[in-house]
Amino acid sequence: MKKILFVASEGVPFIKTGGLADVIGSLPKCIDREHYDIRIMIPRYTCMRQEMQEKLSYMTHFYMDFNWKEEYVGVLQAQAGGITYYFIDNEKYFGGFKPYGDNHYFEIEKYIYFSKAVLSALPIIDFRPDLIHCHDWQTGLIPVFLKERFYGDPFFRGMKSVMTIHNLKFQGRWNIDDVKRISGLPDHYFTADKLEAYNAANLLKGGLVYADALTTVSNTYAEEIKTSFYGEGLDGLLSARSGDLRGIVNGIDCEDFNPETDPHIKYHYNQENFRERKIKNKRALQKELGLAEDDKKFMIGIVSRLTDQKGFDLIDCVMDELCQDDIQIVVLGTGEERYENMFRHFDWKYGDKVSANIYYSEALSHKVYAGCDAFLMPSLFEPCGLSQLMALRYGTVPIVRETGGLKDTVQPYNEYEGSGTGFSFANYNAHEMLGTVRYAEAIYYKKKREWNKIVDRAMKADFSWHVSAGKYQEMYDWLIG
């Protein structure tokens, strides 16, 4: 049996701030248990919910040489979804009210500690993975340490590593002197062909140089990041390693996101009966949010972090124009102040048309997926994106920009062929987006049978993790042999 260890900074059901946690919680459950022993290691944050803390049991602790002193490392474990989770415990690093802090230097030190502690703990807990699957910059030094100080130890010899990029924008950059001191890595690791990039140490770059294989979360994003526009300064390295880089699109947990059984929605439906039953969720959502209660209104949902990356400058540009149409817009999320205030303003100005919910609620997000007619996601870049997959699952037609995973997962509607699962536009342009929204409106209002066929195809699309899990298994077999 092949042994795989997933290492990440967060994972469902224990701690979540974004899509990375969903991947860590869902993907291992879909990998073939007969042939792979998959386990997960994450930090033990003190801000974890109490009922999750109570599932953890103490395994062991030890002291590790770190940043020129002896540092405590505790190891706990728990079971979830049939998977063993390990937790690295150190209250100095993982205390506080949220997983990630604003002190960038401390974040760098924290995750260098985590990377070293993960490897140091393995012989003590007696689990020797054939391969360590690292996720994002917080684990970037694991492939480096594997090839450096742990290499001489027979326990680690031959151990492989994979580095997965969930979002290339976040790289873990800091000045070279501090990273050299904290990590204890020798001088020759801080050159342009290793950890140094643009006069700074770059933890993600370390992982991308030293890992045995690289993945990212969609085929299109794997191609995009080899270009200067999307490459965030690492396009040269990613082009050089393109033979080791593959794009595997994310999936969603089809049990959690299932309109037939979803506990968050009042009226359950499926691909057979959505024509009669989906509308009831729309009515309930309109009532709950104080919007005009009208079955016929074209209702657009947005569930997102409110940031530039997600295309909100495009929406800002044409929002007033869009609100002249016969539509309703429901927004759920938090983020940059200017976008929060922009949506609040339009909620005030068009109270029966716009509902701005500037907070996050898992229950309301499910109601938006189930109740809206369309889902708007005009991202500047999108490595994979999970929201459009959830929208498809609930028969809420995505309107997206053709980038990254959005391009890979949403097939644009073609009225001549009668094909497609959503609507898309190519250029990052506000009026091109507006034109696409209005095209979707026209189909909804004037060709309702066609619209229902789009919904039908959207709900048929399979974005469960099983397809992607098979591709990860192929890669593991290729590496481990």
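## Strand S13 meets S14

Strand S13 (residues 298-303) runs parallel to S14, and 6 bridges join the two. Phe298 has Ile327 of S14 as its bridge partner. Between these strands the chain passes through helix H11 (residues 312-322), and this β-α-β crossover from S13 to S14 is right-handed. The model is a predicted one.

S14 covers residues 327-332. Of its 6 residues, 6 are buried, so the strand is largely enclosed by the rest of the structure.

In a regular strand, side chains alternate between the two faces of the sheet. Ile327, Ile329 and Val331 point one way from S14. Gln328, Val330 and Leu332 point the other way. All of them are buried, Gln328 included.

## On to strand S15

S14 also pairs with strand S15 (residues 354-357). The sense is parallel, over 4 bridges. Leu332 has Asn357 of S15 as its bridge partner. The chain crosses from S14 to S15 through helix H12 (residues 337-349), and this β-α-β crossover is right-handed.

## Helices H4 and H6

Elsewhere, two helices pack together. Helix H4 (residues 104-125) and helix H6 (residues 176-183) meet at an angle of about 30°, with their axes 10 Å apart. Angles under 35 degrees count as roughly parallel, and H4 and H6 are therefore roughly parallel to each other. The crossing of H4 past H6 is right-handed.

H4 brings Tyr105, Ile108, Glu109 and Ile112 to the contact. From H6 come Asp178, Val179, Arg181, Ile182 and Ser183.

Key. Residues are numbered from 1 along each chain as its sequence is written. This is a predicted model: local features need pLDDT of at least 70, side-chain atom pairs count only at pLDDT 80 or more; totals for chains, interfaces and linings use all residues. Side-chain values use heavy atoms; hydrogens and water are left out. Buried means under 20% relative accessible area, exposed over 50%, partly exposed in between (1.4 Å probe, protein chains only). Two strands pair if DSSP finds at least two bridges between them. A crossover is right-handed if, with the strands pointing away from the viewer, the path from the first strand over the helix to the second runs clockwise. Axes are lines fitted to C-alpha atoms, for helices over the stretch in contact, and angles run from 0 to 180 degrees between N-to-C directions. Angles under 35 degrees count as roughly parallel, over 145 as roughly antiparallel, 65 to 115 as roughly perpendicular and the rest as oblique. A crossing is left-handed if the near helix is turned anticlockwise from the far one by less than a right angle, and right-handed if clockwise. Contact means heavy atoms within 4.5 Å.
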